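Thanks for coming. I have one structure to go through today, and I will take it piece by piece. Please look at the sequence and the model as they come up.

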Amino acid sequence: MIKYTITLLLFLSLAVGYAQTGAPSTLTADYLSDLVSYDPKAPNSVEITYLIEKVAFYDDQLQLISKDRVEDYRLNVDYTIDKMYIDDENFVHVVTYRKSTSSEKIAKENTLKRLAKKDPNDYRGTYPKPFRITDIDGNNYTPESLKGNVVIINFWFIGCAPCEQEMPVLNKLVEKYNGQKVVFLGLTFDSKEKVEQFLKKKDFDFNIVPDATQMIADYNIMGYPTHMIIDKNLVIQYLGPLPEATLEEKMTEAIDMLLTR
């Protein structure tokens, strides 16, 4: 089934730039020759990856939409996505728009009203904001490098008693999914030096990322510990707290489900 809802495909605003380098001003058959047409509204078993910063958008006259006008089309009830064009790895490269029908206008208006009421801090169903983080062993992580893995992120800090209490449970998960397509990241605003001293006294088997203040700020993390679960297609499935009593059960259930998708 399609991984992302039409609502998200049409309207979600992401704080990223649009990479249209190399896209012609007028869409041609030659430019589409290595891509496959994909109808986002038709029943389909393909799981697509839709990274807005990688997409070239075209209007109903097949003219390239400039980056400063893309949002106008996405939020305009007079226009609806017509076709997507994907590569052999199911990445979307081109999106074309057409004029909306009367029923599509009504549906889009209703969706816009629902989105206006959406909690701005509810990131479920969205892509991670662009990031590049480094763990204490020097390994770098970006959304692109993590694609294809289930990603478990734990936001914590030194001196957080509930954070320390759940670490043995989190360590069990690391051991349980060793060798599988699961990446465990522990993000803290503490410095690398403090983290290294902490880990001499306390076992925490996640890949620990110190000085992660930017990503913590990006998601308005105010309570600790907080957990984020990202699926193999880079979609956030959960962001929030999990009670220690049910942490292992809930995490196992989520990871097992996402590994099979």
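Before the strands, one term: two strands count as paired if DSSP finds at least two bridges between them. By that rule, strand β7, residues 150–155, pairs with strand β8, residues 182–187, in the parallel sense, over six bridges. One of these bridges has I152 with F184 in β8 as its partner.

The average pLDDT for the protein chain is 85, and 84% of the residues score at least 70. For residues 1–19, the pLDDT is below 50, although that stretch has 62 contacts in the model beyond near neighbours in sequence. Where pLDDT is low, predicted coordinates should not be read in detail.

Now the overall count. The protein chain has eight helices and eleven strands. There are 261 residues, and 46% of them count as buried. Of the contacts between residues at least 6 apart in sequence, 73% join residues at least 24 apart.

Back to β7 and β8. They belong to an open sheet of five strands, in the order β9-β8-β7-β10-β11, with mixed pairing. β9, residues 207–209, and β11, residues 236–240, are the edge strands, and each pairs on one side only. On average, neighbouring strands in this sheet are turned by 15 degrees against each other, ignoring direction.

What covers the buried residues of helix α8? The cover includes β7, β8, β10 and β11 from the sheet, together with α5, residues 161–176. The buried residues themselves are L247, M251, T252, A254, I255 and L258.

Next, the cores. The largest nonpolar core has 48 residues, and those touching the most other members are I152, I153, F155, F184, L185 and L187. α5 supplies the largest share of this core, six residues. Take L185: apart from residues up to four places away in sequence, L185 touches I133, Y141, L146, V151, I152, I153, N154, F206 and N207. There is also a second, separate core of 13 residues, with V55, I65, I81 and V92 among them.

That brings me to strand β3, residues 79–86. Is β3 enclosed or open? Six of its eight residues are buried, so β3 is largely enclosed by the rest of the structure. β3 runs antiparallel to strand β1, residues 36–38, and three bridges join the two. In that pairing, S37 stands opposite Y85. β3 also runs antiparallel to strand β4, residues 92–99, this time with seven bridges, and here M84 stands opposite V95. β3 and β4 make a hairpin with five residues between them, and N90 in the turn has a positive phi of about 70 degrees.

Last, a single residue. A23 sits in the loop between α1 and β1. Buried means under 20% relative accessible area; A23 is at 15%, so A23 counts as buried. Which residues does A23 contact, leaving aside those within four places in sequence? They are Y31, A56, Y58 and L64. A23 and V55 are 32 residues apart along the chain, and their C-alpha atoms are separated by 9.3 Å.

That is the end of my part.

Methods. Residues are numbered from 1 along each chain as its sequence is written. This is a predicted model: local features need pLDDT of at least 70, side-chain atom pairs count only at pLDDT 80 or more; totals for chains, interfaces and linings use all residues. Side-chain values use heavy atoms; hydrogens and water are left out. Helices (H or I, at least four residues) and strands (E, at least two) are DSSP runs, numbered from the N terminus. Axes are lines fitted to C-alpha atoms, for helices over the stretch in contact, and angles run from 0 to 180 degrees between N-to-C directions. Buried means under 20% relative accessible area, exposed over 50%, partly exposed in between (1.4 Å probe, protein chains only). Contact means heavy atoms within 4.5 Å. pLDDT is the predictor's confidence in each residue, from 0 to 100. A nonpolar core is a set of buried Ala, Val, Leu, Ile, Met, Phe, Trp, Tyr and Cys residues joined through side-chain atoms within 4.5 Å.
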